[in-house]
Amino acid sequence: MDIRYLIAIEAAKIGGGLSRRFGLGGGTSLPGFIATRVDPKIVKKLSRHLQRSVVITGTNGKTTSSNMLADILVESGQMPVHNSEGANLVAGVVTSIINDIKSDRRGRVGLFEIDEATIPVVTKDLKPNVVAVTNIFRDQLDRYGELDHMAALIKTSLTYLRSGATAVLNADDPRVATLSDGIDVDPLFFGIDDESVASDLVDVARDESVCAKCGSPLTYDHTYYAHLGKYRCSACDFMKPKLDVRATNVMLGLDRASFRIETPSDYFEVTLKISGLYNIYNALAAISSAIALGIDVNTIKRALESFTPTFGRLETVIVDDKSVHLMLIKNPTGFNQVLKTLELGDSRKEIVIAINDNIADGKDVSWLWDVDIESISQSDNIIASGIRAEDMAVRLKYAGQDLDNITTIKNLEKAIDEGLRRIEKGATLYVLPTYTAMLDIRKYLESIGDIEAFWNREVSV
Amino acid sequence: MRTLSLAVLYPEIMNIYADRGNTIAMKKRCEWHGIELDVTGIAVGDDMEEDKYDLLFIGGGQDREQLLIAEDLLSKKEPLKMMADDGTAMLAICGGFQLFGRSYEPKKSPVMEGVGIFDMKTIAGDKRMIGNVVLEVEIEGLMRSLVGFENHSGKTILGSGVKPLGKVIEGNGNNGSDNLEGAVYKNVIGTYLHGALLPKNPWLTDHLIRTALQRRYKEADLKELDDALEDKAHKAAIARAKATNKNPSFVARMFER
């Protein structure tokens, strides 16, 4: 009998229970945090409860991709063990497995979205069958150091996989496309192959300018956004790899996107209930992982077409006959994509931008200066909120916004109240929060609006 | 209308922490002061004419980006030194700051020779120095505070031929041990601070503009601007630096996410 393991599990359950009882929050990570302190080998021991597992990592799209894959797994009749709350450090993964132990169903599929910095620790002990990498962007460099370091962490974790495991890689991201080089895993490359949706702008959030193999500058035939696109090295033979799973015939609407998926053996049409090129990449990561797991294309198509995003990524809450539209922003690329979507909206918008600088948001708010804030309409009214409200207000001023259109309300709840006060019944308040601001805003909306109680739904310890 | 010209070195490559915010700040404040600012991006292989610019800016990059430009930067050493000696207002941040010194020694690649405007050298350390910074800086005879965010593992040691930019009040500074941050040689300022640096320190932006005006027009009057938002952000950054640089407790870390 493994006493340390048993104590770890019990302590985790008690900790989780206490945290919930006293409303302390942190229920998606605290039990795991306690368990790893008591038993450092807990991940390895818990992995016995899983028959197979998939890990999804990368800067953007982890949560949406893994939620899509979770829906596909459910559609195929498998209930995944999933850290679906965006709790993507070791503690969150451990919590999700512990939560599932008591249900006493063995032989299940583990599905974990994992933070780039944590992935070597988790893969070493978990030995997943599939590792999917969405992209590598400038995100929280203050936490992880530099982009090369992030790529190195993921590459290291791929070396821990068993032979025959699959690395599902975004071929449109040059830094991701080289991750499987020289490692004994099967790469499965996904990407977009449709020049009609290529960007004709030189994107300001370009993170990738040099070849990961020889250090020479890369040249692009076209980009879809940021550094994702069709590229080749100006000096060596490195170029975008041949796609195993490709999206073609892409059509983007305000609230939907349709495309055709082509694999070496099959093709099918998909219409998503969400828009944005980034969501097509999210779908590609989920589809490719599902294919690697051997799930048939009809199941994949059915699950994706009924997919709706949750947890503040992009959702609408009704408060007093007014809509609050939440759109998570994490980094320049995501923020730019959200602003592009906003351009499709009403002409005179009320917007709350909430910037926090806690560890999960990134402690350095410099990234706001890499966002194309200048594209926000001069007729929009903006409330800057959050711990770094003042930084956001200054950014708006230097983007040329009229000072009369900028209000600074540091307190998140008061900012939401003021935003709601400014709009008519039937109108929409657009709220753009960073991660921890989103958690607090969602909690507040839960108390005043029509929203499913998040903690009750997600946590069962 | 008075006009000034700004050269931005390698804007595509040296912009790791949104240093382009500094260019935006210079452009906007010039506009508000009624000055036209011409901005010229200078890429690898472009000519560097020493008598063409009133202001010069270089931002930060990773080791790899630094390697990509180090050789080209060295080929521009003579015009850059002439500009510095002639009193041109220049600002060099993080990776650019390191290469304005004599040398930078990264962990994995060979030593890069810098342009040597600052008498200093930088050696890669083991610990990354990350966090909010507050400096006490004396410029134009006034003591001011300067706020920003540092993220570097390079440790910079100043030689005798260069002065520090300021004294560290919050954060690590050049090397985490001598309490000094940045470097100043004539009108050239080097620092590790991002933020972006200039928007939250409008007095420094105006100092650079004034220096450039003085050199070109022999007078440097700037009108008073409404800096209420900038001042609030500056004060908030000081408060945040004080709050975040305390060691978080075990319990606080548990609930951080």
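A: In this predicted model, the buried residues of helix α7 of chain B are B:L229, B:E230, B:A233, B:H234, B:A236, B:A237 and B:R240. An α-helix has 3.6 residues a turn, so residues three or four places apart point the same way. The helix itself runs over residues 228–244 of chain B, and its 17 residues reach 24 Å from the first C-alpha to the last, which is close to the 24 Å expected at 1.5 Å a residue. The cover over the buried residues of α7(B) includes, from chain B, the strands β7 (120–139) and β8 (142–158) and the helices α5 (197–200) and α6 (202–217), together with α13 (389–398) of chain A.

Turning to the nonpolar cores, the largest one has 121 residues, among which A:V352, A:I353, A:A354, A:V431, A:L432, B:L6 and B:L55 touch the most other members. The largest share of this core, six residues, comes from α13(A), the helix that is also part of the cover over α7(B). This core also draws at least three residues from each of domain 1 (50–91 + 104–305) and domain 2 (314–458) of chain A, two domains whose C-alpha centres lie 27 Å apart.

One of the core residues named above, A:A354, touches A:S385, A:G386, A:L412, A:A415, A:V431, A:L432, A:P433, A:T434, A:A437 and A:I441, leaving aside residues up to four places away in sequence. A second, separate core has 87 residues, including A:L111, A:F189, A:I192 and A:A292.

Methods:
Residues are numbered from 1 along each chain as its sequence is written. Chains are lettered from A and ligands numbered from 1 in the order in which they are written. This is a predicted model: local features need pLDDT of at least 70, side-chain atom pairs count only at pLDDT 80 or more; totals for chains, interfaces and linings use all residues. Helices (H or I, at least four residues) and strands (E, at least two) are DSSP runs, numbered from the N terminus. The expected span of a helix is 1.5 Å times one less than its number of residues. A residue is buried if 20 or more other C-beta atoms lie within 10 Å of its own, exposed if 12 or fewer, and partly exposed in between; C-beta atoms are placed from the backbone. Two residues are in contact if their C-beta atoms, placed from the backbone, lie within 7 Å. Domain bounds come from an automatic or database domain assignment. A nonpolar core is a set of buried Ala, Val, Leu, Ile, Met, Phe, Trp, Tyr and Cys residues joined through C-beta atoms within 7 Å.
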